[in-house]
Number of protein chains: 2
Amino acid sequence: MIKNRIEKLREKMTEFDCDGVVIFNIFNNADLRYFTGADIEGVLVVDRYEANVLVSSLYYQRASDVLGGNVVLSKDLDDVVNFLKKRGVRKLGVDFGRSTHRQIESLSDFQLIDFSNKTLELRMIKERDEINQIKRAAYIARNAFMKVYPMLKPGITEKELADELSYQIRKNGGEKEAFQTIVASGANAAYPHHIPTEKPIEEGEFVVIDFGASVNGYNSDMTYTFLMGEKSDEKKELFNAVFYAQLFATEMIAPNRTKASEVYKRAKSELAKRGGVDKYFIHGLGHGVGLEVHEFPYLNVESNVVLRPNMIFTIEPGIYIPGKLGIRLEHMVLVKENDVEVIAFTPFVEAM
Amino acid sequence: MIKNRIEKLREKMTEFDCDGVVIFNIFNNADLRYFTGADIEGVLVVDRYEANVLVSSLYYQRASDVLGGNVVLSKDLDDVVNFLKKRGVRKLGVDFGRSTHRQIESLSDFQLIDFSNKTLELRMIKERDEINQIKRAAYIARNAFMKVYPMLKPGITEKELADELSYQIRKNGGEKEAFQTIVASGANAAYPHHIPTEKPIEEGEFVVIDFGASVNGYNSDMTYTFLMGEKSDEKKELFNAVFYAQLFATEMIAPNRTKASEVYKRAKSELAKRGGVDKYFIHGLGHGVGLEVHEFPYLNVESNVVLRPNMIFTIEPGIYIPGKLGIRLEHMVLVKENDVEVIAFTPFVEAM
């Protein structure tokens, strides 16, 4: 158990007048890993005095070996309910957006308090060790990319390049890819979440490569775009629009003052100025990165969170012209006391 | 949209007196892929007359290009609710175990009917093309394994072997691994879901290798166990216990007659007979494999589902002795009209 994090959770408990919190980890085990330090699956129960993980027989041994104690063998929701009662919990915090309806139904004997996003808010501000892990994940991905960069030539297929990059991410110290590596060329690049195909990369195409590494649970996420062959004026202008949108959005961030939505709007207005290509910008500008690849804070038009020191998030403007092309540039920034630090710069070889 | 599958869903709708179903895909997009044929993220709405997917701007273009129509741009839960109303749905089926509480809360204007497991039940019986995809995923994984088998020698680390196997799965036709490849040696093999480490494989150890490929969304899942070096009588007996548990469990299956729980009990009793090692068997005997790596049917002590033709599931007895060793053998079986077909046999080089 990681005591300082459990304590922060208890402060939120007090703030929301709960005497216990249950975390179900339905999407992934990021919260569990954050509070326990162990890579296991299970249910976390924190009350005023103890923090325990309830795990199935599949994880019991590993959880016990890693944590030493506070591990409870549990086979179903009834066991969770009984454990909460045994611990004397009455006012129970639980995230309604990260629990199934079935789970919430099973808790009808408790006074439930919606604990939505509370753990995401804690995880949004990174500790020093977390920052180092994320930087490491970024460097590993960047090093892996350097190994496959010489292969990026017309003729190689999207999937061949993606497979080699995924392999190098592992060979260079990554546990695995942070997410399925994207290599999208030509018209395929107009799909932001393209899955690599047997299509060969061709002369004259933009190639979007979106990749990251995962190390000790922490992730990196970056996107490079290259143009194969001759740089026509039209293509240069499109690339530059995205490049300057990323640059100016990054530069405008004033720690403790700038809101996430303002950064989104800055990128969008830069794209608008440059030929009105903001109409092809169809997603948010960025997202936090940590134990999840996508977490708080989100940089979109609705997000009023103020950007604060020790947040890490992506800045990734993109334009997607259906049937034609796509361009996306994504780097990660760490907010510091007075400015931001870019973690692993995007190559700008296509910018002029 | 895959019409025959949508029709089967409508039959379930009628059976449960719904005039519409909404599928949120909170864990993964397997249901969406099953009913639409497209690898996209979104919400599926099926009513008596139409089937539509509601997607964000991120997936709108791809969904439209793949499906041709029946794609609705939608940004949040309010849009889903409004669309359901526009379609005239009143009695709405929704899976309470595969939807978040927040999602179910947003549907308070409808008469809700719990549609738990209905899609899993449909997907449990595979169509011919699905069987072929799963077999292909199994052959790819097996071929990939043959490429790395020569590297399985004392000195190579768990992670090195796992990385090479994951790479070969992709090079041999897999889109990606079905799940993070497990290589667990010596005492690490006592954790069923071990994550490969820098520990070198050593002489005298059992090495458990659990791996699979993913192709067109369909998965394979198999586990081999090898003994490095000399086969002591004690180790042979342990291996044989698992080997015969798998063999007899597989052989006992009579299509349309045998229940899943009976197969589990057969494996367990075989382990009990052989030195009482059933006490080290800490998980279920198997699970269905398809668009998800773990799906219906589950082979455990509580599962009363009758095993029927065109089900595909794993049979994977294992024993885990904390601090010492682990052994697991996992193959996949396809139930046919009169017998079962083993897909990709487990090597039995350690059995005597």
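These legends describe close-up views of a predicted model.

**View 1. Chain A as a whole.** Chain A holds 10 helices and 19 strands. Its C-alpha atoms occupy a box of roughly 70 × 40 × 35 Å along the principal axes. A compact globule of 352 residues would have a radius of gyration near 20 Å, and the 22 Å of chain A agrees with this. Buried residues make up 49% of the 352 in chain A. Among contacts in chain A with a separation of 6 or more, 63% link residues 24 or more positions apart.

**View 2. The contact between chain A and chain B.** Each chain contributes to this contact: 31 residues come from chain A and 31 residues from chain B. On the side of chain A that touches chain B, helix 3 (57–67), helix 5 (101–106) and helix 8 (158–171) each supply at least two residues. That side of chain A comprises 13 nonpolar, 10 polar and eight charged residues.

**View 3. The relation between the two copies.** Chain A superposes on chain B by a rotation of 180 degrees, with 0.0 Å of shift along the axis and an RMSD of 0.0 Å. The two copies are therefore related as by a two-fold rotation axis. Of the interface residues of chain A, 100% are also interface residues in chain B, so the copies meet through the same surface.

**View 4. The hairpin of strands 16 and 17 in chain A.** Strand 16 (residues 318–321) and strand 17 (residues 325–328) of chain A run antiparallel, joined by four bridges. Gly318(A) stands opposite Arg328(A) of strand 17. Three residues lie between the strands of this hairpin, where Gly323(A) adopts a positive phi near 80 degrees.

Definitions and conventions. Residues are numbered from 1 along each chain as its sequence is written. Chains are lettered from A and ligands numbered from 1 in the order in which they are written. This is a predicted model: local features need pLDDT of at least 70, side-chain atom pairs count only at pLDDT 80 or more; totals for chains, interfaces and linings use all residues. Two residues are in contact if their C-beta atoms, placed from the backbone, lie within 7 Å. Ala, Val, Leu, Ile, Met, Phe, Trp, Tyr, Cys and Pro count as nonpolar, Asp, Glu, Lys and Arg as charged, and the others, Gly among them, as polar. Copies are superposed by least squares on the C-alpha atoms of residues with pLDDT of at least 70 in both. Two strands pair if DSSP finds at least two bridges between them. The radius of gyration is taken over C-alpha atoms; the globule rule is 2.2 Å times the number of residues to the power 0.38. A residue is buried if 20 or more other C-beta atoms lie within 10 Å of its own, exposed if 12 or fewer, and partly exposed in between; C-beta atoms are placed from the backbone.
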